[in-house]
Amino acid sequence: MPREKGRKVVASNRKARHDYTILDTYEAGMALTGTEVKSLRAGRASLVDAFAQERNGELYLHGMHIPEYVQGTWTNHEPRRTRKLLLNRLEIDRMIGKTRESGLTLVPLQVYFSDGWAKVEIGLAKGKKAYDKRQDLAKRDADREIRRVVGRRGKGMGD
């Protein structure tokens, strides 16, 4: 059977981009069991309340929910178990250093299949304050209004 090509998104954490300013992103593999992969291929996963954390020089993903595989037997997995992230040593050291020195957080942004392999996109993030969120909303509304007016002018509708 030929390996699938391209990128198929399983789950994305849209709230992360609202709550955090993403400074840098990394692509990491995950150490998964067979039933977890089958459940992901069925398009079932949730990144709500998920985060990455360092332990013993390794990075682990906590709080990601992959529901049990429906056709699974007694070999089924724990839905919220801690999963090891697979990265290069240099990337792990760089991420751990930045989280320790600057107080940044590692937040999963997306889970997807890249050429048949399950991957997670990890963002090096800084928490937003409430006023930052309000500023972002106001800027997005202003940009939308500008696009609407420019679009109407382009169609000859005037003001």
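I started with overall dimensions. A compact globule of 159 residues would have a radius of gyration near 15 Å, but I find 20 Å for the protein chain. I keep in mind that this is a predicted model. Along the principal axes, the C-alpha atoms fill a box of roughly 65 × 45 × 25 Å.

Next I looked at burial and surface. Of the 159 residues in the protein chain, 32% are buried. I get an accessible surface of about 10,200 Å², with 50% of that belonging to carbon and sulfur atoms.

Then I traced the elements. I count four helices and seven strands in the protein chain. From the N terminus on, I read the order as β-α-β-α-β-β-β-α-β-β-α. I also checked contacts between residues at least 6 apart in sequence: 69% of them join residues at least 24 apart.

I then turned to helix α3, residues 89–102. Its 14 residues should span 20 Å at 1.5 Å a residue, and I find its end C-alpha atoms 20 Å apart, so the two agree.

Which residues of α3 are buried? I list I92, M95 and I96. Seen down the axis of α3, the buried residues fall within an arc of 95°, so I take them to line one face of the helix.

What covers the buried residues of α3? I find that the cover includes β2 (20–30), β3 (51–55), β4 (58–62), β6 (105–114) and β7 (117–127).

Last, I checked the end of the helix. Just after α3, G103 takes a positive phi of about 70°.

Conventions:
Residues are numbered from 1 along each chain as its sequence is written. This is a predicted model: local features need pLDDT of at least 70, side-chain atom pairs count only at pLDDT 80 or more; totals for chains, interfaces and linings use all residues. Side-chain values use heavy atoms; hydrogens and water are left out. Helices (H or I, at least four residues) and strands (E, at least two) are DSSP runs, numbered from the N terminus. The expected span of a helix is 1.5 Å times one less than its number of residues. Buried means under 20% relative accessible area, exposed over 50%, partly exposed in between (1.4 Å probe, protein chains only). The arc is that of the directions from the helix axis to the C-beta atoms. Contact means heavy atoms within 4.5 Å. The radius of gyration is taken over C-alpha atoms; the globule rule is 2.2 Å times the number of residues to the power 0.38. Accessible areas come from the Shrake-Rupley method with a 1.4 Å probe; for residues, only the protein chains shown count as cover.
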